[in-house]
Amino acid sequence: MLKTIEAYLFAFREVKEKPKLWFSIIIGFIISGSIGQALSDDMAIIKAALSIAEFIFYIGIANIAVKVVTNKEYTIRDIFISPSILWRCVLILILMVILSTLASLPVSLILIYLGAKNITGGILVSGSAAITMAIMIYVFMKLYFSSYYLLDKKLGVWQCLKVSWEDNTYKVCFSIFLALIWITVLSAPLLLLDHYLNGIHLAYLLTPIQELAMVHLYMQLQQKRNNDAPEQLQSQ
């Protein structure tokens, strides 16, 4: 398994080292998210544009996180990545969702069949739904590092998905899942404040922490692969 606590400690240390840079990014996130929620429904185009901007910034944070973990120089300008990398990141995310859905399709079809036949046994239906969700989550975790391979190694889209699938064993997937639980727990108080403050996205304060921690997990995996490679060669 990968070291999730170590990854989060690294993330907090990094934000502490360059607080101006990270808090500038965070403030931008909070402002754009708050403006988007405050806009009325008849301003859907502006709200959509702000959502797209948030997604671009999110990919940019991942790009900076990759530079941090790989010991490369970085500035706030690195949040703006090239269009060629951006559209491939978008395509990877879309494919991750599609592949996760397709993997769970057989169980989903069984669930639909049970409903069509009016077989509504609570345990059976609930079990099928739980298995469907578990499959989707597992496949998504297997592909989770795909965009990091793109940002780090500039691999092709399918190659990123393939390498992530091969590298992310069930232990790695569990580590990723555990790391996401950690950030959910850390975010819980801020999410409650968001609810009472009516649209101020304080939970965005932890966005850089999450990305830095997840990229650190990715780098742990790369280091583990590099360490295991000589041993595999010697055994052959």
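Buried means under 20% relative accessible area, exposed means over 50%, and partly exposed is anything in between (1.4 Å probe, protein chains only). Keep that in mind for this predicted model, where local features need pLDDT of at least 70, side-chain atom pairs count only at pLDDT 80 or more, and totals for chains, interfaces and linings use all residues. Residues are numbered from 1 along each chain as its sequence is written, and side-chain values use heavy atoms, with hydrogens and water left out.

**The whole chain**

- The protein chain has ten helices and zero strands; both are DSSP runs numbered from the N terminus, with at least four residues (H or I) for a helix and at least two (E) for a strand.
- Walk along the sequence and you get the pattern α-α-α-α-α-α-α-α-α-α.
- Of the 236 residues in the protein chain, 43% are buried.
- A contact means heavy atoms within 4.5 Å. Among contacts between residues at least 6 apart in sequence, 74% join residues at least 24 apart.
- The accessible surface of the chain comes to about 13,500 Å², and carbon and sulfur atoms account for 69% of that. Areas like this come from the Shrake-Rupley method with a 1.4 Å probe, and for residues only the protein chains shown count as cover.

- Helix H1 runs over residues 4–17, and its 14 residues should span 20 Å at 1.5 Å a residue; the end C-alpha atoms are 20 Å apart, which agrees. The expected span is 1.5 Å times one less than the number of residues in the helix.
- The buried residues of H1 are Thr 4, Ala 7, Tyr 8, Phe 10, Ala 11, Glu 14 and Val 15.
- They cover an arc of only 155° around the axis, so they sit on the same side of H1. The arc is that of the directions from the helix axis to the C-beta atoms.
- Here's the general idea: an α-helix has 3.6 residues a turn, so residues three or four places apart point the same way.
- Over on the other side of H1, Lys 16 and Glu 17 are exposed.

**Salt bridges**

- Side chains of opposite charge can pair when their charged atoms come close.
- To count as a salt bridge, a side-chain nitrogen of Lys or Arg has to be within 4 Å of a carboxyl oxygen of Asp or Glu. A search of the whole structure turns up four of them.
- Lys 3 is exposed because its relative accessible area is 53%, while Glu 6, at 36%, is partly exposed.
- Asp 152 pairs with Lys 153, and their closest N and O atoms are 3.9 Å apart. Asp 152 has a relative accessible area of 15%, so it is buried, whereas Lys 153 is partly exposed at 40%.
- Asp 167 forms a salt bridge with Arg 225, with the closest N and O atoms 3.0 Å apart. This pair links distant parts of the chain: Asp 167 is in helix H8 (residues 157–167) and Arg 225 is in helix H10 (residues 207–235), 58 residues apart.
- Asp 167 counts as buried because its relative accessible area is 13%, while Arg 225 is partly exposed at 40%.

- Met 1, Met 133, Ile 137, Phe 174, Phe 177, Ile 181 and Val 185 make a nonpolar surface patch of about 660 Å².
- The elements giving two or more residues to the patch are helix H6 (122–142) and helix H9 (170–196), and H9 gives the most, with four residues.
- Patch residues have over 30% relative accessible area and no salt bridge; nonpolar side chains (Val, Leu, Ile, Met, Phe, Trp, Tyr) are joined within 5 Å, and like charges within 9 Å.
- Met 133 belongs to helix H6 and is partly exposed, because its relative accessibility is 48%.

**Two residues to look up**

- Ser 175 lies in helix H9 and is buried, because its relative accessibility is 0%. Leaving aside neighbours within four places in sequence, Ser 175 is in contact with Met 1, Leu 2, Thr 4 and Leu 217.
- Leu 93 is found in helix H4 (residues 83–103) and is partly exposed, with a relative accessible area of 35%.
- Not counting residues up to four places away in sequence, Leu 93 touches Phe 55 and Phe 140.
- Leu 93 and Leu 161 are 68 residues apart in sequence and 10.0 Å apart in space, C-alpha to C-alpha.
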